[in-house]
Amino acid sequence: MIELKGRSIVKEVEPVIGSTILELAREHKVDWGFNCTRGTCARCRCHVSEGMEHLTEPAEIELVRLEPEEIEEGFRLSCQAKVLSAGMVKVRHRPYF
């Protein structure tokens, strides 16, 4: 399962291999901010507190857009983080503003 915590909505959803966290949040109507879906705006920034091993490695745009410390702490761009395998993942929308 993937637990998605938006601004006020929390839902557990089935993982879909190859889907981004943002796609899952939008599909399940979790209140998740975003603008571009390309990784440049970072409005979809999120924190993965569990299950990072079930997501793809950070994409090049994440390595450019996020600070190394943020990535080490578990921050990702939900438009870039894709489900790689089934398992428990806990993600919270954590934009800068």
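1. The protein exposes about 5300 Å², and carbon and sulfur atoms supply 49% of this area. Accessible areas come from the Shrake-Rupley method with a 1.4 Å probe, and for residues only the protein chains shown count as cover. Of the 97 residues, 43% are buried, where buried means under 20% relative accessible area, exposed over 50%, and partly exposed in between.

2. The model is predicted: local features need pLDDT of at least 70 and side-chain atom pairs count only at pLDDT 80 or more, whereas totals for chains, interfaces and linings use all residues. Residues are numbered from 1 along each chain as its sequence is written, and side-chain values use heavy atoms, with hydrogens and water left out.

3. The C-alpha trace spans about 30 × 25 × 20 Å along its principal axes. Among contacts (heavy atoms within 4.5 Å) with a separation of 6 or more, 66% are between residues 24 or more positions apart.

4. Three helices and five strands form the secondary structure, in the order β-β-α-β-α-α-β-β along the sequence. These elements are DSSP runs numbered from the N terminus: helices are H or I with at least four residues, strands E with at least two.

5. Strand 3 (residues 45–50) runs antiparallel to strand 4 (residues 75–77), joined by three bridges, and Arg45 stands opposite Leu77 in strand 4. Strand 3 also runs antiparallel to strand 5 (residues 89–93), joined by four bridges, with Glu50 opposite Lys90 in strand 5. Two strands are taken to pair if DSSP finds at least two bridges between them.

6. The loop between helix 1 (21–27) and strand 3 contains Thr37 and also Ala42. Thr37 has a positive phi of about 65° although it is not a glycine, and Ala42 likewise has a positive phi of about 65° without being a glycine. Most residues other than glycine have a negative phi. Thr37 is partly exposed, because its relative accessibility is 39%; Ala42 is buried, with a relative accessible area of 1%.

7. The mean positions of the 14 positive and 16 negative charges are 9 Å apart. Lys and Arg count as positive and Asp and Glu as negative, while His and the chain ends are not counted.

Methods
Buried means under 20% relative accessible area, exposed over 50%, partly exposed in between (1.4 Å probe, protein chains only). The place of a charge is taken as NZ of Lys, CZ of Arg, CG of Asp or CD of Glu.
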